[in-house]
Amino acid sequence: MAVTTSGRDGQDRLTARPGCSQNPVDGRRRGPRHPAYGPEVPLRRPPPVAGRYVLLEEIGRGATGTVHRARDLRTRRYVAAKVLRGADPSTLAAFVREQAHRIEHPHVLAPLGWAAEDDVALIAMELVRGGSVRDLVTRRGGLSEGLVALLLGQLLDALVAVHARGLVHGDVKPANLLVRDGARPHLLLADFGVAARSGRPAPVAGTPSYLPPERLAGALPDPSQDVYAAGLVARRLLAGTSPLTTLCDSMTRPEPARRPSALSALRRLRELPVAGWHGASDRR
Ligand SMILES: Nc1ncnc2c1ncn2[C@@H]1O[C@H](COP(=O)(O)OP(=O)(O)O)[C@@H](O)[C@H]1O
Ligand SMILES: [Mg+2]
């Protein structure tokens, strides 16, 4: 969500040590089992949040809180749970707003539900097993132009839907783009923690290195700001020069009025001669 620090989104995966167990709620490690300790004292598992979500290991971390794999006892499925603890009222209000943005679109990650108990609040979401685009780049380095075009096309498709709802995502960056594993990567736009109504006053939030100059100077939220961030993401993902670079340049123009809309950027992307890019099936 609001990131003005150097967030370590997606970097803090815990690796369990053999013989140790970890309490996912307080994060403390319990000691190794050893015969000298006598019979093992049964561990007290933290109770499910709101009687429903059993928190398991941490799978990601952002500015707001931690994301855990969790077991939903009602549906008997594994989900991802974004967990907030002991938040101040404004953070909690942003959290409540985040779970309210439910955009049904194949490339938007919508919350499945939420729960709160004492000072713990969580948003449950689909567990996206491929990690984030940031993880992808960490693993592979620069991406081929075909893969960047595929991901950019899916991101622009998601942004068209977000903007049509009068919303500005406000924090488009690799750590907020999740990738579902499969025959071909499927991008999901996540983290609506700082999403705002287009044209309505909202505090300047997001990640400074992905915000356009006018937003940093205090301009109202506008869809062109997401287009700017998407162009920057695509340019940073590319391993070398490509026909895509020209499109990225137009998306990241300093003057917002000269940037294409998400829809016209998507149309231009589909005209480009990029190897391995076959466009989305749902052509507009
Ligand atoms: N649904 C999910 N499935 C798998 N991993 C996720 C999911 N949601 C978030 N993550 C991981 O957790 C990180 C932080 O999540 P995010 O929603 O961006 O939190 P914040 O609002 O704190 O930035 C992401 O970069 C990603 O690595
Ligand atoms: Mg985030």
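Reader: What percentage of the 284 residues in the protein is buried?
Author: Buried residues account for 40% of them, a residue being buried if 20 or more other C-beta atoms (placed from the backbone) lie within 10 Å of its own. This is a predicted model, where local features need pLDDT of at least 70 and side-chain atom pairs 80 or more, while totals for chains, interfaces and linings use all residues. Residues count from 1 along each chain as its sequence is written, with chains lettered from A and ligands numbered from 1 in the order written.

Reader: OK, how many residues are in the largest nonpolar core?
Author: That core has 68 residues (buried Ala, Val, Leu, Ile, Met, Phe, Trp, Tyr and Cys, joined through C-beta atoms within 7 Å). Ala 81, Val 148, Leu 155 and Ala 230 touch the most other members.

Reader: Which helix gives the most to it?
Author: H3, residues 145-164, with eleven residues. Helices here are DSSP runs of H or I, at least four residues, and strands are E runs of at least two, numbered from the N terminus.

Reader: And how many of each in the protein?
Author: Seven helices and eleven strands.

Reader: Back to Ala 81, what is in contact with it beyond four places in sequence?
Author: Tyr 53, Leu 55, Val 67, His 68, Ala 70, Leu 122 and Ala 124; contact means C-beta atoms, placed from the backbone, within 7 Å.

Reader: At what angle do H3 and H7 pack?
Author: About 155°, and the axes of H3 and H7 (residues 262-271) are 8 Å apart. Axes are lines fitted to C-alpha atoms over the stretch in contact, with angles from 0 to 180 degrees between N-to-C directions. So H3 is roughly antiparallel to H7, a label for angles over 145 degrees. Residues making the contact include Leu 152 and Leu 156 of H3 and Leu 266 of H7.

Methods: Buried ≥ 20, exposed ≤ 12 C-beta atoms within 10 Å, placed from the backbone. Contact = placed C-beta atoms within 7 Å. Parallel < 35°, antiparallel > 145°, perpendicular 65-115°, else oblique.
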